[in-house]
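Here is a short briefing on one protein chain. Keep the sequence and the 3D view open side by side as you read.

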Amino acid sequence: MKVLNEIKLSFPSRSANEAFARTALSAFAAALDPTIEELADLKTAVSEAVTNAIVHGYKEEIGTIYIHAKILEKNKIVIRVRDTGCGIPNVKQAMEPLYTTCPTGERSGLGFAVMEAFMDKVAVRSRVGRGTSVTLEKTILSKGAE
């Protein structure tokens with residue numbers, strides 16, 4: 001599928017930058033003229049992916065989060081959120097609703113489930129010690145995107 005536009009961002013894994021990522025991606029996606037609901041879905045999924053990289057990928061250290069987003073033909077947006085942090089030992093297990101590695105109970109273990117609920121497709125690739133890549137795909141169906 002032909003790429004119509006794309007952006008690349010990188011920023012430190014500080015929690016304050018989660019809002020920046022969410023806002024930047026919603027501005028980028030605005031070219032597709034999404035509904036408020038579609039835009040909220042994108043923002044929520046991006047927020048979850050970035051938060052996972054901050055909280056789980058880099059844990060107690062500051063690393064870099066990379067985002068590569070593309071607008072494709074047929075009103076499709078693909079967003080890849082990547083870190084070079086600790087990686088996920090068992091991706092299938094990590095994607096199970098309510099699974100969390102946080103022993104204090106501060107995290108609900110719903111990040112991937114939320115991403116899957118709001119996006120058409122979610123793919124996760126990870127290597128222990130090398131990092132994690134989360135690819136989010138959604139087709140914007142609003143009238144403005146025709």
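Ser-47 sits in helix α2. The model is predicted. Start with this serine, then turn to an alanine in another helix, and finish with the nonpolar core.

- Ser-47 has a relative accessible area of 15%. Buried means under 20%, so Ser-47 counts as buried.
- Which residues does Ser-47 contact, once neighbours within four places in sequence are left aside? They are Glu-18 and Arg-22.

**Ala-27 in α1**
- Ala-27 belongs to helix α1.
- Is Ala-27 buried or exposed? Its relative accessibility is 53%. The cut-off for exposed is over 50%, so Ala-27 counts as exposed.
- Ala-27 and Lys-43 are 16 residues apart along the chain. Their C-alpha atoms are separated by 10.0 Å.

**The largest nonpolar core**
- This core has 32 residues. Val-50, Ile-79 and Leu-136 touch the most other members.

**Leu-136 and its contacts**
- Leave aside the neighbours of Leu-136 within four places in sequence. Leu-136 is then in contact with Ala-45, Val-46 and Ala-49, among others.
- Its contacts also include Ile-77, Val-78 and Ile-79.
- Met-115, Met-119, Lys-121 and Val-122 complete the list for Leu-136.

Key:
Residues numbered from 1 in each chain as written. Predicted model: local features only at pLDDT ≥ 70, side-chain atom pairs only at ≥ 80, totals over all residues. Heavy atoms only, no water. Core = buried A, V, L, I, M, F, W, Y, C linked by side-chain atoms within 4.5 Å. Buried < 20%, exposed > 50% of the residue type's maximum accessible area, 1.4 Å probe, protein only. Contact = heavy atoms within 4.5 Å. Helix = DSSP H or I, 4+ residues; strand = E, 2+ residues; numbered from the N terminus.
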